Amino acid sequence: MNVFDILGPVMIGPSSSHTAGAARIGLITRALLGQPAVKAQIFLHGSFAKTYKGHGTDKALVAGILGMQADDERIRFSLDVAVQEGLSIEITTGELDGAHPNTAEITLTAANGEEVSLRGSSIGGGNILVTKVNGMDVSLTGQHTTLIVLHKDTPGTIASVTELMADCGVNICNFRLSRKAKGGQAVMTIEIDGQFDPALNDKINHLPNIYSSTMLLPI
């Protein structure tokens, strides 16, 4: 733990969990879509569902979806900014079995019809944990440079990605694999130490059986 974990993040208030963490969940969802969204469907669970209007969780999530950082003064006006930028927003509330109290599920749609969905929780002090991407289990904190690699579940695909990373001198500090069914779509979540040349991500995108690889810088 470092001093920033104790003091909390630089942020727009009122709450690190309901504001800073929520903004980071929105930012990661936007990064995974890889382009501006025209539609955002947001489902809120637990404490998020009960207090989102008073704590500004809705504004923070939308701010992140629009690309704003947790300390951006425009967070307070993000719903108005969304209207100006043509982002349609739908917010619903309910319960999710076994989910952290501060959990949101977001589905973003781009103008070309591409979609991405994410489940993320704000776990305190502005820290987050993403547990699902496109319905598949992941474990992502946003604290490390991370590759989210969607691919076909075929023998040798994981090895081709990790061998390429090793050849580029990249050290993996956390790896998780999830799949919907044998031979179907799967996702690798690969967190690494330090930075790496973005050209590596381009090389991964050109490997066989890779649908997409997205590089997320620490958020």
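Predicted model: local features only at pLDDT ≥ 70, side-chain atom pairs only at ≥ 80, totals over all residues.
View 1. The side chains of the two residues form a salt bridge (a side-chain nitrogen of Lys or Arg within 4 Å of a carboxyl oxygen of Asp or Glu), with an N to O distance of 2.7 Å. This pair joins distant parts of the chain, with E105 in strand β3 (residues 102–110) and R119 in strand β4 (residues 115–124), 14 residues apart. R119 is buried, with a relative accessible area of 17%. Buried stands for under 20% relative accessible area, exposed for over 50%, and partly exposed for values in between (1.4 Å probe, protein chains only). Helices (H or I, at least four residues) and strands (E, at least two) are DSSP runs numbered from the N terminus. Local features require pLDDT of at least 70 and side-chain atom pairs pLDDT 80 or more, while totals for chains, interfaces and linings use all residues. Residues are numbered from 1 along each chain as its sequence is written, and side-chain values use heavy atoms, without hydrogens or water.

**View 2. Two further salt bridges, D72 with R74 and D137 with K132.** The closest N and O atoms of D72 and R74 lie 2.8 Å apart. D72 is buried at 18% relative accessible area, whereas R74 is partly exposed at 42%. Between D137 and K132 the closest N and O atoms are 2.7 Å apart. D137 is partly exposed at 34% relative accessibility, and K132 also counts as partly exposed, at 24%. The model has 4 salt bridges by this rule.

**View 3. T189 in strand β9 (residues 185–192).** The relative accessible area of T189 is 1%, so this residue counts as buried. Apart from neighbours within four places in sequence, T189 is in contact (heavy atoms within 4.5 Å) with V138, S139, L140, T146, L147, I148, N174, F175 and R176.

**View 4. T214 in strand β10 (residues 210–216).** T214 is buried at 18% relative accessibility. With residues up to four places away in sequence left out, T214 touches A31, L32, T146, L147, I148 and N201. T146, L147 and I148 are also among the contacts of T189.

**View 5. Lining of the second largest pocket.** Two or more lining residues come from each of α2 (16–33), β4, β7 (145–152) and β10. A pocket is an open set of points where a 1.4 Å probe fits, on a 1 Å grid over the protein atoms alone, with protein on both sides within 12 Å along at least five of seven lines; lining residues have an atom within 4 Å of a point.

**View 6. Helix α4 (residues 57–65), mostly covered.** Of the 9 residues in this helix, 8 are buried. They are T57, D58, A60, L61, V62, A63, G64 and I65. Following α4 comes G67, which has a positive phi near 100°.

**View 7. I172 in strand β8 (residues 172–179).** I172 has a relative accessible area of 30% and is therefore partly exposed.
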